[in-house]
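Colleague: Before I use this model, I would like to go through the terms attached to it.

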Amino acid sequence: MDPLSAISEELAEIDGQITDIFRALSNGFQKLEKIKDSNRQSRQLEELTDKMRDCKRLIKEFDREVKNIERVNDPDTSRMLNEKKQTMIKELNSYVALKKQYASNLENKKIDLFDGPAEEYGEQNVLLASSMTNQQLIDNGNQMMDETDQAIERSKKVVHETINVGTETAAALKAQTEQMSRIVNELDSIHFSIKKATKLVKEIGRQVATDRCIMGLLVLVVIGVIAIIIVKLVHPNNKDIRDIPGLAPPAMTRKLLWNPN
C-alpha cells in the first residue's frame with residue numbers, strides 16, 4: 001500500500017498524477033532526441049512545456065495539502081512529505097533545464113538558417129520538401145492552411161468584439177449626451193423661473209410699499225380731520241379755524257328781540 005494513501009487520499013492522487021507527468025516528460029525528451037525536423041521539435045517542446053506547467057501546478061497543490069494536514073501529522077511524517085516535495089521540485093527543475101537546452105539549440109539552428117545566404121536557405125527547403133512524401137506534403141500544407149484559417153478566425157473574432165465594444169461605447173456616449181442636454185434644458189428653465197420669481201417679488205415689494213404710503217397718508221388725513229373736529233367743538237367761536245366742508249357750524253344762541261320783562 002502506498003504510504004501516502006495512509007496519510008491522505010488526496011496526496012496520493014496528486015503524487016500519482018505527478019509521477020505520470022514525469023514519465024511522460026522522460027519519454028517526450030527521449031522522443032525529442034530522435035526528431036530532426038525543427039518544426040516538429042518546436043511542437044514537441046511546446047507539449048512538454050505544457051506538461052511541466054501542469055506538474056508545477058500539481059506540486060503547488062501537493063504543498064498546499066501538506067500544509068493543511070501538517071498540524072495533525074507527527075514530525076517524521078511532516079519531514080517525509082517535505083522531502084517528497086523537494087524531490088519533485090528537483091526533478092521538475094531538471095526537466096526545465098533540459099527544455100531550456102533544447103530550446104537554445106533549436107533557436108541557434110533557426111538563427112544559422114536565416115543568417116545564411118538566400119540560395120542556401122532555398123536549397124535546404126527544396127531538400128526538406130524532396131525528402132517528404134506526397135502525402136506528407138499534403139498533410140503539411142493542410143496543417144498550414146488550418147493554422148492560417150484559425151488565425152483568421154481569431155482575427156475576425158477580435159474585430160467583431162472590437163466593433164461590439166465600439167458600438168456599445170457610442171450608444172453609451174449618445175445616451176449620456178442626451179442626458180446632459182436634458183439637464184442643461186432643465187437648468188435653463190430653472191434659471192428662467194428664478195428670474196421671473198425675483199421680478200414678481202420685487203413688484204410685490206413695490207406694491208406693498210406703495211400701499212403702506214397710501215395707508216399712512218390716509219391715517220394722517222383722518223387724524224387731522226379728527227383733530228380739527230375736536231378743536232372746533234372745544235373752541236366753537238375761534239375764527240382762525242376754518243369750517244370743515246360738509247360739517248355744519250355749531251348752532252348759535254338765539255336772542256329774543258322783545259323781552260316782556
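Colleague: What makes residues 38–72 a "coiled-coil region"?
Modeller: That label comes from an unreviewed UniProt entry, and such annotations may be inferred rather than shown by experiment, with positions given in the numbering used here. In the coordinates, residues 38–72 are 89% helix and 0% strand, with end C-alpha atoms 51 Å apart. This is a predicted model: local features need pLDDT of at least 70, side-chain atom pairs count only at pLDDT 80 or more, and totals for chains, interfaces and linings use all residues. Residues are numbered from 1 along each chain as its sequence is written, and side-chain values use heavy atoms, leaving out hydrogens and water.

Colleague: Why are α2 and α3 called roughly antiparallel?
Modeller: The axes of α2 (residues 9–34) and α3 (residues 38–68) cross at roughly 160° and come within 9 Å. Angles over 145 degrees count as roughly antiparallel, so α2 and α3 qualify. The crossing of α2 past α3 is left-handed, meaning that the near helix is turned anticlockwise from the far one by less than a right angle.

Colleague: How many helices and strands are there in the protein?
Modeller: Six helices and zero strands, where helices are DSSP runs of H or I with at least four residues and strands are runs of E with at least two.

Colleague: Which residues does the "transmembrane region" annotation cover?
Modeller: The unreviewed UniProt entry places it at residues 214–234. That span is 100% helix and 0% strand, and its end C-alpha atoms lie 30 Å apart.

Colleague: What percentage of the residues count as buried?
Modeller: Of 261 residues, 16% do, buried being under 20% relative accessible area with a 1.4 Å probe, protein chains only.

Methods:
Buried < 20%, exposed > 50% of the residue type's maximum accessible area, 1.4 Å probe, protein only. Axes fitted to C-alpha atoms, helices over the stretch in contact; angles between N-to-C directions. Parallel < 35°, antiparallel > 145°, perpendicular 65-115°, else oblique.
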